[in-house]
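Colleague: I would like to learn how to read the strands and the core of a model. Please take one feature at a time.

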Amino acid sequence: MLGSGRCHPRPSRNTKTTFGWSFLYLRLEWPMLYFILRLFSSLPLAVLQIIGAGIGLLIYLGSPRYRARLNKNHQSAANYSGFKLTRWRVAAESGMIFADTLWIWRYPKASINKASIENLDQIIELSKNGKGLIILASHLGGFEIVPRIFAEHMRATVMYRPARKQLVNDLMLKSRKHPQMDFVEANIGGVRKIKRALVRGEVVGILADQVPSVGDGVWAKFFNQYAYTTSFPIKLSRQANVAILFVGAERLGLGKGWVIKSQLMLRPFSESLIEACTEMNEHFEEMIISKPNQYLWSYNRYKRPAGAEVAPVE
């Protein structure tokens, strides 16, 4: 338009079309994702686990990056610990972890009936000491059942890291709802809520083999490799003077569920934060070695968080 001093081009048809498809995608993505996962998870657990194993194998075959990470992490740990290399089975059982999670979300009550906790009476008594209890888990077996089954017996506050996609995060929170369980994000606000829960004498849960953000961890050995390890459980246990229980959800046969095994931390952590985190990792190693095929070796456990110092070199 002459004399305006600015040009106001009209949107092209391609721009309108792109915007329209993007808007339609956003409108449909959540319902479609929810419908597909609900349909998929409605299958019997054994069938879902078989399908999950197949998907795990397909991803292993189809993704060189995924395959290389899984092989490297699995082989390094096997060489150090002496357990047998079973890459194909690990790939299949990694898919089963996804299947377990969907089924637990879809059938929370039925999943509880398929799970058991060893030494449950002693754990319940321990949780009633008025100081609270810190439960630490790793990416082993059906780890998604851990907070839910403990919440059946005691009040629990669980720290989690939000999924990158908001749709997935919404689905996760909706599926994890439980009247005796609160989920808090791994941030300053979540840390405060975790501490308040311990003050009230409640149980708190942390998936402690996740790579923390820079400043929230130290480089400590995990299966003889330096892994950036969260120091929060160590600091928390020292501040609150509370017991730590390591747990792992071992998968039983197809469709048979899970058994929660536990180890109580019987002695204080070392004064050195690096040594303490190494000791924490050693507890996880011991539980993983009992069922090495069921650990999520494809998880990028040894990555360097943005801004973190370089891992030590020996």
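This is a predicted model: local features need pLDDT of at least 70, side-chain atom pairs count only at pLDDT 80 or more; totals for chains, interfaces and linings use all residues.

Colleague: What is the order of the strands in the open sheet?

Modeller: Two strands pair when at least two bridges link them. Here 7 strands follow the order β1-β9-β8-β2-β5-β3-β4, and the pairing is mixed. The edges are β1 (115–117) and β4 (181–185); each has a single partner strand, so one side of each has no neighbour in the sheet. From one strand to the next, the twist averages 25°.

Colleague: Which strands does helix α6 touch?

Modeller: Helix α6 (residues 120–127) packs on the sheet and touches β1, β2 (133–137), β5, β8 (243–251) and β9 (258–264). The direction of α6 makes about 130° with that of β2.

Colleague: Which residues touch the most other members of the largest nonpolar core?

Modeller: A core of this kind joins buried nonpolar residues through side-chain atoms within 4.5 Å. The largest one has 44 residues, and Ile-145, Phe-150, Val-247 and Ile-260 touch the most other members. Helix α4 (residues 87–106) supplies the largest share of this core, 6 residues.

Colleague: What does Val-247 touch, leaving out residues up to four places away in sequence?

Modeller: Its contacts include Ile-135, Leu-136, Val-146, Phe-150, Ile-260 and Met-287. There is also a second, separate core of 41 residues, with Ile-134, Phe-222, Cys-277 and Phe-284 among them.

Definitions and conventions: Residues are numbered from 1 along each chain as its sequence is written. Side-chain values use heavy atoms; hydrogens and water are left out. Buried means under 20% relative accessible area, exposed over 50%, partly exposed in between (1.4 Å probe, protein chains only). Helices (H or I, at least four residues) and strands (E, at least two) are DSSP runs, numbered from the N terminus. Contact means heavy atoms within 4.5 Å. Axes are lines fitted to C-alpha atoms, for helices over the stretch in contact, and angles run from 0 to 180 degrees between N-to-C directions.
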